[in-house]
Amino acid sequence: MSRSRKWLILPVVATILLLAGCAPVDHTTSTEDLLEGNFWERNVVYWFAIMLDTFADWFQGNYGLSILVLTIIVRTLILPLTLKQYRSSKAMQALQPELMKIREKYKNDPQKVNEETMKLFMQHQVNPMAGCLPLLIQMPIFIALYNAIYWNPDIREYSFLGIQLGMPPQQQGVIAWALPVIAAITTFIQSKMMPQQPNGPMQAILMIFPVMIFVMALSFPAALPLYWIYSNIYTIIQNYFLYVRSSDKGKPKEAPAK
C-alpha cells in the first residue's frame, strides 16, 4: 500500500477514537445548557442539537426520524468533498501502472522511488493527500453530530421502534441488539465497495472496523448506532453510484449472439 493510502486510513481511525472518547460519562447536558459550555459546545454542538429538536417537532417528537433527516442533510452538504475525494481516487488509480513501473525499476533504491513518484504526481498535477483532506474536514461535523445526539435529554427518553434510544442496546431486548449488528454489517459493506482494496496490515485494520463499531454500538445509547446505520446506508447508496454503477458503464458491451 502506498504511503498516501496509509495516511487516508488515519483520519478514519482518529474519528473512531474521538467518537469513543469525546463524550462525558454523565451525559445529562440539555440543549440550553450547551450555551454555557466551552467554545465547541456553544458554537457547534448547540446548533446540531437545535436542528435535532426542530426536526423532531416536525414529526410529532419522533427523534428516530429526526436523526434520519439530520444525517441526510449533513451527508448531502459534504457531498462535494466526497466527490473531490472520488476524483482524487480515480486519478491515483489511473497512475497505478506508472507507479508500479517506478517501484520495479528502482526497487533497490527507496529514495529514488520517492523522487520519481513525486515527479510523476507533479507532472500529472495529482495531489496524493487530496483524498485525506475531505475526511479531515468531515471529522468535526461527525463529532458534533455525535455529541448532539449523545447529550440530548429528549432523545434519551424517546422510544423508536420499541428501542429506547437513550439506553445501550446491551441493556435492552433482542430488537435493540439488531442495531449494533446492522451497523457492523453496513460498515463492512461500504468498505468492500471501495474500488481499491488495501493489502496486508491495512486490510486487517479495515476488517476490524466493523467489529469496533459493533462493540461500541453495544455500550453507547441506541441513538448512536441508529445514526451510524443511517450514515452507512447513505454511503452505500452513494458508493453504488460513484464506484459500482460508473465502473459498469465503463465496461465494453458484449456483442449480441448471432
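**Legends to the close-up views**

**View A. The axes of helix H2 (residues 39-58) and helix H3 cross at roughly 125 degrees and come within 8 Å of each other.** This is a predicted model, in which local features need pLDDT of at least 70 and side-chain atom pairs count only at pLDDT 80 or more, whereas totals for chains, interfaces and linings use all residues. Residues are numbered from 1 along each chain as its sequence is written, and side-chain values use heavy atoms, with hydrogens and water left out. Helices (H or I, at least four residues) and strands (E, at least two) are DSSP runs numbered from the N terminus. Axes are lines fitted to C-alpha atoms, for helices over the stretch in contact, and angles run from 0 to 180 degrees between N-to-C directions. H2 and H3 are therefore oblique to each other; angles under 35 degrees count as roughly parallel, over 145 as roughly antiparallel, 65 to 115 as roughly perpendicular and the rest as oblique. On the H2 side, Phe-48, Met-51, Leu-52, Asp-53, Phe-55 and Ala-56 meet residues of H3, namely Tyr-63, Ser-66, Ile-67, Val-69, Leu-70, Ile-73 and Val-74. Contact here means heavy atoms within 4.5 Å.

**View B. Gln-60 occupies the loop between H2 and H3.** Although Gln-60 is not a glycine, its phi is positive, at about 55 degrees. With a relative accessible area of 73%, Gln-60 is exposed; buried means under 20% relative accessible area, exposed over 50% and partly exposed in between (1.4 Å probe, protein chains only).

**View C. Leu-161 is placed in the loop between strand E1 (159-160) and strand E2 (163-164).** Leu-161 has a positive phi of about 55 degrees and is not a glycine. Its relative accessible area is 64%, and Leu-161 is thus classed as exposed.

**View D. Glu-98 and Lys-101 form a salt bridge, their closest N and O atoms lying 4.0 Å apart.** A salt bridge is a side-chain nitrogen of Lys or Arg within 4 Å of a carboxyl oxygen of Asp or Glu, and by this rule the count comes to one. Glu-98 and Lys-101 are about one helical turn from each other, because they stand three residues apart in helix H5 (residues 96-105). Glu-98 is partly exposed, at 36% relative accessibility, whereas Lys-101 is exposed, at 53%.

**View E. Val-126 lies in the loop joining helix H6 (110-123) to helix H7 (132-151).** Val-126 is buried, with 13% relative accessibility. Apart from neighbours within four places in sequence, Val-126 is in contact with Ala-91, Met-92, Leu-95 and Phe-121. Its C-alpha atom is 7.4 Å from that of Met-92, although Val-126 and Met-92 are 34 residues apart along the chain.

**View F. Gln-170 belongs to the loop between E2 and helix H9 (174-192).** Gln-170 is partly exposed, at 42% relative accessibility. Neighbours within four places in sequence aside, Gln-170 contacts Trp-177, Leu-218 and Ser-219. Gln-170 and Ala-222 are 52 residues apart in sequence, with a C-alpha to C-alpha separation of 9.3 Å.

**View G. Helix H1 (residues 3-21) has the lowest mean pLDDT among the elements of the chain (47), and helix H3 (residues 63-77) has the highest (90).** pLDDT is the predictor's confidence in each residue, from 0 to 100. Values stay under 50 over residues 1-10, for which the model has 21 contacts beyond four places in sequence. They also stay under 50 over residues 17-25, for which the model has 16 such contacts. Where pLDDT is low, the predicted coordinates should not be read in detail. The mean pLDDT of the chain is 76, with 73% of its residues reaching 70 or more.

**View H. The chain contains eleven helices and two strands.** Along the sequence, these elements follow the pattern α-α-α-α-α-α-α-α-β-β-α-α-α. The chain has 258 residues, of which 45% count as buried. Among contacts between residues at least 6 apart in sequence, 75% join residues at least 24 apart.
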